[in-house]
Amino acid sequence: MSKTALKIVSILLILMGIAAMRPESFWSCSADWYAVAKIIVGVIAFAIAFSDKK
């Protein structure tokens with residue numbers, strides 16, 4: 001269950017980071033560094049969620 005939740009959250013973080021970098025998007029009210037940080041944290045969470053360790 002926790003790996004599934006981590007997969008969902010990581011995908012949402014990546015999508016929110018991408019949406020924050022688009023200037024015409026509603027979510028673009030944050031700073032660019034914050035959007036990049038969301039993408040990086042999402043990628044790390046995605047890698048952890050798909051690792052084989054238990």
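User: How many aromatic pairs does a search of the whole structure find?

Analyst: The model is a predicted one. When the whole structure is searched, the number of aromatic pairs found is one.

User: Are the rings of Phe46 and Phe50 stacked, edge-to-face or tilted?

Analyst: The ring centres of Phe46 and Phe50 are 4.6 Å apart, and their planes stand at 55°. Planes under 30 degrees apart would count as stacked and those over 60 as edge-to-face.

User: Is Phe50 buried, partly exposed or exposed?

Analyst: Phe50 has a relative accessible area of 47%. Buried requires under 20% and exposed over 50%. The value for Phe50 lies in between, so the residue is partly exposed.

User: Are helices α1 and α2 roughly parallel or roughly antiparallel?

Analyst: The axes of α1 (residues 2-21) and α2 (residues 32-49) come within 8 Å and cross at roughly 155°. Angles over 145 degrees count as roughly antiparallel. Therefore α1 is, relative to α2, roughly antiparallel.

User: How many residues of the contact of α1 with α2 are nonpolar?

Analyst: The contact includes Leu6 and Ile14 of α1, and Val36 and Ile39 of α2. Its residues comprise three charged, three polar and, as the number of nonpolar ones, 17.

User: Is Lys38 buried or exposed?

Analyst: Lys38 belongs to helix α2. Beyond its neighbours within four places in sequence, Lys38 contacts Leu13, Met16 and Gly17. Its relative accessible area is 14%, and under 20% counts as buried, so Lys38 is buried.

Terms used
Residues are numbered from 1 along each chain as its sequence is written. This is a predicted model: local features need pLDDT of at least 70, side-chain atom pairs count only at pLDDT 80 or more; totals for chains, interfaces and linings use all residues. Side-chain values use heavy atoms; hydrogens and water are left out. Rings of Phe, Tyr and Trp (its six-membered ring) pair if their centres lie within 6.5 Å; planes under 30 degrees apart count as stacked, over 60 as edge-to-face and the rest as tilted. Buried means under 20% relative accessible area, exposed over 50%, partly exposed in between (1.4 Å probe, protein chains only). Axes are lines fitted to C-alpha atoms, for helices over the stretch in contact, and angles run from 0 to 180 degrees between N-to-C directions. Helices (H or I, at least four residues) and strands (E, at least two) are DSSP runs, numbered from the N terminus. Angles under 35 degrees count as roughly parallel, over 145 as roughly antiparallel, 65 to 115 as roughly perpendicular and the rest as oblique. Contact means heavy atoms within 4.5 Å. Ala, Val, Leu, Ile, Met, Phe, Trp, Tyr, Cys and Pro count as nonpolar, Asp, Glu, Lys and Arg as charged, and the others, Gly among them, as polar.
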